[in-house]
Amino acid sequence: MPELPEVETVKRQLEKRIVGKRISSIKILSKKQFLGNFQKTIGQQIDRLWRRAKILAINVGRLTLLVHLKMTGQIIYLSKNRKPISVGHPLPFSPNQLPNKTTRVIIELEDGSRLFFNDLRKFGWIKLLDGDKIEKELSGLGPEPLEKDFSLDYFSKKLANTRRMIKIVLMDQAVVAGIGNIYASEILFEAGINPARQANSLSNREVANLYRAIKKILLQAIDYGGTSAADQAYIRPDASPGRYQNKLRVYQREGKECFGCFGKVKRIKQANRSTFFCSSCQQ
Ligand SMILES: [Zn+2]
């Protein structure tokens, strides 16, 4: 599932290509995945893109399109007359052909370029909202981990107040926004903390290490354009995969040698999701 670094990558690639252009048509192929009256966007100019947690926002006139990619969503941009390029991905995520059977929404811009919202599993959505509805829609989210309001003091207090397992807390969007299953595992490995530890059992020093690891890993992953993991669901708007999968140290490396010791990476289930870790490097 795309997390903060993947959505940030999509935002950065896309804004260079679509800001300043007007929407000329929207085709909705999967009705349940588009909420709102799309007609209101026709002829409106795309002014700005931004991201909150794992949600991409596109300001269109006085309206905003919120896009959540959920498990398997992709946004691919094709300029006019350009044929989709093959990047060697296996079906059903292949962008070799657009639209394809996973295409749910097509947004056409005035210069003939198109955005394809593909989503194999159909959990993703696009919502068209008026300015004043945005705040309410995003109200349950905690601070952005790379912004100032996510302070060490704030984070320490949140952890001290819960006995939940630390990995579950890292993925709680109300505590800190944008971290999912991939980066929770990677961050805990970086910090040397066992994912099953109770959050309130962490020492001040461990909390500080974890806090630093969150920022370090997320920034690195953005630098590398996000993670195209084993399912290949995530690709960038130019249809190329991210590169952080080559940097992963525990995620999807069960049974492989640990990068920190001679042990092997283990996999456990926490809240029905796989967690990858090293039981000797992470105490
Ligand atoms: Zn190890």
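## Gln252

In this predicted model, Gln252 counts as partly exposed because 17 C-beta neighbours lie inside 10 Å, a number between the limits of 12 or fewer for exposed and 20 or more for buried. Gln252 is found in the loop between helix H6 (204–223) and strand E10 (266–270).

The backbone of Gln252 has a phi near 55 degrees, a positive value in a residue other than glycine. Most residues other than glycine have a negative phi.

## Lys122

Lys122 also has a positive phi, near 65 degrees, and is likewise a residue other than glycine. The loop that holds Lys122 runs between strand E8 (114–119) and strand E9 (125–130).

Lys122 is partly exposed, because 15 other C-beta atoms lie within 10 Å.

## The bond from Leu98 to Pro99

The peptide bond from Leu98 to Pro99 is cis, and its omega is near -5 degrees. Most peptide bonds are trans. Pro99 lies in the loop between strand E6 (73–78) and strand E7 (103–109).

## Gly180

Gly180 has its place in the loop between helix H4 (166–170) and helix H5 (181–191). Gly180 counts as partly exposed because it has 19 C-beta neighbours inside 10 Å, whereas a buried residue needs 20 or more.

When neighbours within four places in sequence are left aside, Gly180 is in contact with Met1, Glu3 and Met171. Gly180 and Pro2 are 178 residues apart along the chain, and a distance of 8.1 Å separates their C-alpha atoms.

How values were computed
Residues are numbered from 1 along each chain as its sequence is written. This is a predicted model: local features need pLDDT of at least 70, side-chain atom pairs count only at pLDDT 80 or more; totals for chains, interfaces and linings use all residues. Helices (H or I, at least four residues) and strands (E, at least two) are DSSP runs, numbered from the N terminus. Two residues are in contact if their C-beta atoms, placed from the backbone, lie within 7 Å.
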